[in-house]
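Please load the model in your viewer and keep a selection tool at hand. The stops below go from one selection to the next, with a note on what is found at each.

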Amino acid sequence: MKIVVLAGGRSSEREVSLASGSKIANALIAKGHQVLLIDLLVGTPKYTSFDRAYEECKTDHYYYEVSEVLPDSGKSLENEIGSNILEICDSADITFLALHGGIGENGKLQAMFDIYNIKYTGSDSRSSLLAMDKLVTKKLMRFHGIPTANWIVVSNLDQLARVHLPAVVKPIDSGSSLGISVVETEQKLKIAIKEAFHYSDSHRILIEEKIEGREFSVGILGDQVLPVIEMIPKSGFYNYQNKYQKNRTEDIVPANVERHLVEQMKILALKIHRVLGLSVCSKTDLLLDKSNRIFVTEVNSLPCMMSNSLFSQAAAAEGIEFPELCENIINESLKKYELQVLV
């Protein structure tokens, strides 16, 4: 197949996206596909067709690693879509979305692709929008009886009197744990909120009740619920650095918890996946407190796809190696278009 792997973009998560994209592209190349890895922000200024771009730019290996330095918010970058993105994606068989955050995950790009009949991997625009907005997700969870931490929303520093500490401060519309802080004191609350605003496009901050507990993740691929993973950071909580830097977190797969708790986590992950209308794949993060109560924290419609990411590890534990995982995502996505899948 002719496959565009679309990564990068203006999002503060562009480094994670480029790292995911390079691993996906390499895996699909190894499976014999014609693959182009393209930065959504840059596009292909010289080319308007897949065949011409592939002829001039093809490679057998891409490489990108996530820096240890926290990324910028990306707000200083002017454009969101580079040159000829629509043209080159339209001339491919499918576009593999390796994007995280921004228009690649909030449904805007998916809506644009739908208008131009461009085939892409992952959920549709509506579901992507619902999953990306943490406030909407939490309201839907509460309405459907899915346990989640209590919360308030603030839009300026004059609303701090409403906050009960300790708390977790996070942007409503960002991922990869960017802008998230666990706050114990009033002195650090303002700093945390300013940091969260830095990574928010909506200028709204979610402040959640802090729940002491263990952190878990459940991936879904098609109709299959993957094994539960426990994430144990060596220090602090599961923040950006602990997610993407080597040897900062121990991932236990399958998670070492009682079977009935594993089943409850899987049921909750599948329920919110369906409530949001997600398809193809998703990843749900959960907390287990000291009383064995489970709380859903958030949902990712485009899970990180580095070869050692949580989603990839969960698939591997189920016997699905990374190249097959990438093809499976394409196959699940092709079902949306009622097309023949890869064999």
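**Stop 1: Phe 322 and the helix pair around it**

Select Phe 322, which is found in helix 11 (residues 322–334); helices (H or I, at least four residues) and strands (E, at least two) are DSSP runs, numbered from the N terminus. The model is a predicted one, in which local features need pLDDT of at least 70 and side-chain atom pairs count only at pLDDT 80 or more, while totals for chains, interfaces and linings use all residues. Residues are numbered from 1 along each chain as its sequence is written, and side-chain values use heavy atoms, with hydrogens and water left out.

Phe 322 is buried, with a relative accessible area of 12%, where buried means under 20% relative accessible area, exposed over 50%, and partly exposed in between (1.4 Å probe, protein chains only).

Now show helix 10 (residues 310–317), whose axis comes within 10 Å of the axis of helix 11 and crosses it at roughly 105°; axes are lines fitted to C-alpha atoms, for helices over the stretch in contact, and angles run from 0 to 180 degrees between N-to-C directions. Helix 10 and helix 11 are therefore roughly perpendicular to each other, given that angles under 35 degrees count as roughly parallel, over 145 as roughly antiparallel, 65 to 115 as roughly perpendicular and the rest as oblique. Phe 311, Ser 312 and Ala 315 in helix 10 meet Phe 322, Leu 325 and Ile 329 in helix 11, contact meaning heavy atoms within 4.5 Å. This contact of helix 10 with helix 11 has five nonpolar, one polar and no charged residues; Ala, Val, Leu, Ile, Met, Phe, Trp, Tyr, Cys and Pro count as nonpolar, Asp, Glu, Lys and Arg as charged, and the others, Gly among them, as polar.

**Stop 2: helices 5 and 6**

Move to helix 5 (residues 125–132) and helix 6 (residues 134–143), which pack at an angle of about 90° with their axes 5 Å apart. Where do they touch? Leu 130, Ala 131 and Met 132 in helix 5 meet Lys 134, Val 136, Thr 137 and Leu 140 in helix 6, and the residues of this contact divide into five nonpolar, one polar and one charged.

Keep helix 6 and colour Lys 134, Leu 135, Thr 137, Lys 138 and Met 141, which are buried. They cover an arc of only 160° around the axis, which puts them on the same side of helix 6; the arc is that of the directions from the helix axis to the C-beta atoms. Among the elements that cover these buried residues are helix 5, strand 4 and helix 9 (259–275).

**Stop 3: helix 9 and what follows**

Helix 9 has 17 residues and reaches 24 Å from its first C-alpha to its last, close to the 24 Å expected at 1.5 Å a residue, the expected span being 1.5 Å times one less than the number of residues. Its buried residues include Leu 261, Met 265, Leu 268 and Ile 272. Seen down the axis of helix 9, the buried residues fall within an arc of 170°, so they line one face of the helix. The face turned away from that buried side carries the exposed residues Arg 259, Ile 267 and Arg 274.

Continue past the end of helix 9 to Gly 277, whose phi is positive, near 75°, and then to Val 280 in the loop between helix 9 and strand 12. Val 280 has a positive phi of about 70° although it is not a glycine, and it is buried, with a relative accessible area of 5%.

**Stop 4: backbone points to check**

Select Asn 117 in the loop between helix 4 (108–115) and helix 5; Asn 117 is not a glycine, yet has a positive phi of about 55°, and it is exposed, with a relative accessible area of 62%.

Two cis peptide bonds can be selected next: one joins Leu 165 and Pro 166, with omega about 0°, and the other runs from Val 253 to Pro 254, with omega near -5°. Pro 166 is placed in the loop between strand 4 and strand 5, and Pro 254 in the loop between strand 11 (249–252) and helix 9.
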